[in-house]
Amino acid sequence: MELVIGHAHRGLLALASSRSFLGNRFALRCVFALRTAGFHRAACINRRPESPSTPLTVSSLGFKPEIDPGRKQDGSFLDLVVIKSAAATKIPPGKAKPFERKKKKIEIDESLFSAKSFAELGLSRLLIARLNELDLTVPTDVQSAAIPIIAQKHDAVVQSYTGSGKTLAYLLPILSEIGPLKELRDSDTALEQKSGVEAVIVAPSRELGMQIVREVERLLGPADKKLVQQLVGGANRSRQEEALKKNKPIIVVGTPGRIAEISAAGKLHTHGCRFLVLDEVDQLLSFNYREDMHRILEHVGRKTGTKPSGIMGPLARRTERQTVLVSATVPFSVVRAARNWGRDPVLVRAKSVVPLDSLPAPGPGALLSNSDTASPSSPVTPVTAGSLPPSLKHYYCVSKMQHKVDTLRRCVHALDANTVIAFMNNTKPLKDVVFKLEARGMKAAELHGDLGKLARSTTLKKFKNGEIRILVTNELSARGLDVPECDLVVNLDLPTDSIHYAHRAGRTGRLGRKGNVVTVCEEPEVFVVKKLRRHLGVEIQPCEFTEGKLTVCKEEA
Ligand SMILES: Nc1ncnc2c1ncn2[C@@H]1O[C@H](COP(=O)(O)OP(=O)(O)OP(=O)(O)O)[C@@H](O)[C@H]1O
């Protein structure tokens, strides 16, 4: 026990010193930290590996790879679309050729789709039919790996690079088990309706929370969309509570603060919950969320492997829950947390499934390499290698502070980018950058946490539908935001570390599309870019923007 508290204290001290930007209020809040020692213990205890295990593969779990008849042997996705439409259009002799759907001019990395069809992954028939209606037929690699694992009730950490489809990787096996699209079993009667929330999905920002809600609504369809309820901060709480009472949702998606708040008020009952998903888990583990996350982990179902006999009173009615942790970047704290919150959890990546207990403990701050080319026997490396889509191109450009906005403008022109996200570290200068861009005739808008809910959602909507060309934002937009058209990310300020770089950069190049990431820095900051390059394991080339073109320069030694 002493050891545990010692760990918690050490963790607190380290955080207190490293997060000075949170100021005195943060230091004061540390006093309350021991209340949540359990939460931190989960992330801080260092367990020794218990059994040396060989990596599992999807096929070793009984899912035989089969070739989709409508699909090329090389797994080409775009060709599949063309083959499908041609097959569906039978032209009677003598009739005019009907309109043919043109091949879309989007370049997609085909390696993402080297997996099976959704139909082969053991999902319910109703869900597969729904996916077909939505034109979703081919799973990405991480979906092929994660869906069978989650369906087999494993606790899991799902790690795959940004934009590789992790949201559906966890949503599909859940919707195959609960709600109107689930597989009806002999034991189920058509009228059987389990009351109460069966899945809780937690995300660190309103925007990401709402994006997940929209994805669930899309899958459920208009008639059943009330079965998912958003519980995000900033929205009207009493309306959310009323909706919980009236609609009896089976899935709730929200931010930690709002979920914990409504749960503490006794308005959200999650003891019967079967699934707990923490999206962007490494961020949710941060100190700011500790109390809310502690409540959620304690009140959502019963963690797997806990004996019901050991739980007294109303908690005895708890259902065993499955915990799924998701992110492109998985520091070792997430592995520790997964080991403590679940039973025999596995690490699922695009092409491998590894029992977490087989991973050795790395040094402080280390991250799991997401690279599937890495040796399975040494999956832990001290870098964020593999958290970025391979289709991205990375550059840096040296510019004086006062010329940065002009460099951004020239960069957008040189790369002919239409949908651009420019990141800065602080909120205050965002407005000024927007003003300067607009003065130069570029449609731009700011997005940050100090704006109201309506302003945030309106700006995002306008950016998504192309009314705004450059979104000037801070870390708020770095996680999970899915704007498939985004073709350029610019760092107007250096990200604080390689994890922040990876999530910012990952807003472009979604699902195998091409994308550029340009970091604009001052001369004395170049060494930081070189360090990021080493940590990320990607080429970040020096460049200039002259005569409307991007020119790669020679790097000074
Ligand atoms: N199998 C699929 N076929 C076609 N489109 C897909 C498929 N899976 C996911 N998508 C789309 O790909 C995009 C990226 O997916 P998603 O947002 O889940 O990525 P992610 O891995 O969670 O990214 P991040 O790490 O940035 O959160 C979304 O627009 C999603 O609708």
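Reader: Which residues come nearest the ligand?
Author: This is a predicted model: local features need pLDDT of at least 70, side-chain atom pairs count only at pLDDT 80 or more, and totals for chains, interfaces and linings use all residues. Residues are numbered from 1 along each chain as its sequence is written. A residue is near a molecule or strand if its C-beta atom, placed from the backbone, lies within 6 Å of it. Of the 20 residues around the ligand, the nearest are Thr 162, Gly 165, Lys 166, Thr 167 and Gly 480.

Reader: Which helix gives the largest share of the shell around the ligand?
Author: Helices (H or I, at least four residues) and strands (E, at least two) are DSSP runs, numbered from the N terminus. The largest share is three residues, and it comes from residues 166-175, helix α7.

Reader: How many residues of the shell around the ligand are charged?
Author: Ala, Val, Leu, Ile, Met, Phe, Trp, Tyr, Cys and Pro count as nonpolar, Asp, Glu, Lys and Arg as charged, and the others, Gly among them, as polar. Seven shell residues are nonpolar and ten are polar. The charged ones number three.

Reader: Which members of the largest nonpolar core touch the most other members?
Author: Such a core joins buried Ala, Val, Leu, Ile, Met, Phe, Trp, Tyr and Cys residues through C-beta atoms within 7 Å. Buried means 20 or more other C-beta atoms within 10 Å of a residue's own, exposed 12 or fewer, partly exposed in between, with C-beta atoms placed from the backbone. Among the 77 residues here, the top members are Ala 146, Val 157, Val 158, Tyr 170, Val 200 and Val 348.

Reader: How many residues are in the second core?
Author: This core is separate. Ile 468, Leu 476, Val 520 and Cys 543 are among its members, and its size is 52 residues.

Reader: Which residues of α5 are exposed?
Author: Residues 125-133 form α5, with Leu 127, Ile 128, Arg 130 and Leu 131 buried. Down the axis, these buried residues fall within an arc of 160° (directions from the helix axis to the C-beta atoms), so they line one face. On the other side, the exposed residues are Arg 125, Ala 129 and Glu 133.

Reader: What percentage of residues 407-551 is strand?
Author: UniProt, in an unreviewed entry, places "domain: Helicase C-terminal" at residues 407-551; such annotations may be inferred rather than shown by experiment. The span's end C-alpha atoms lie 13 Å apart.
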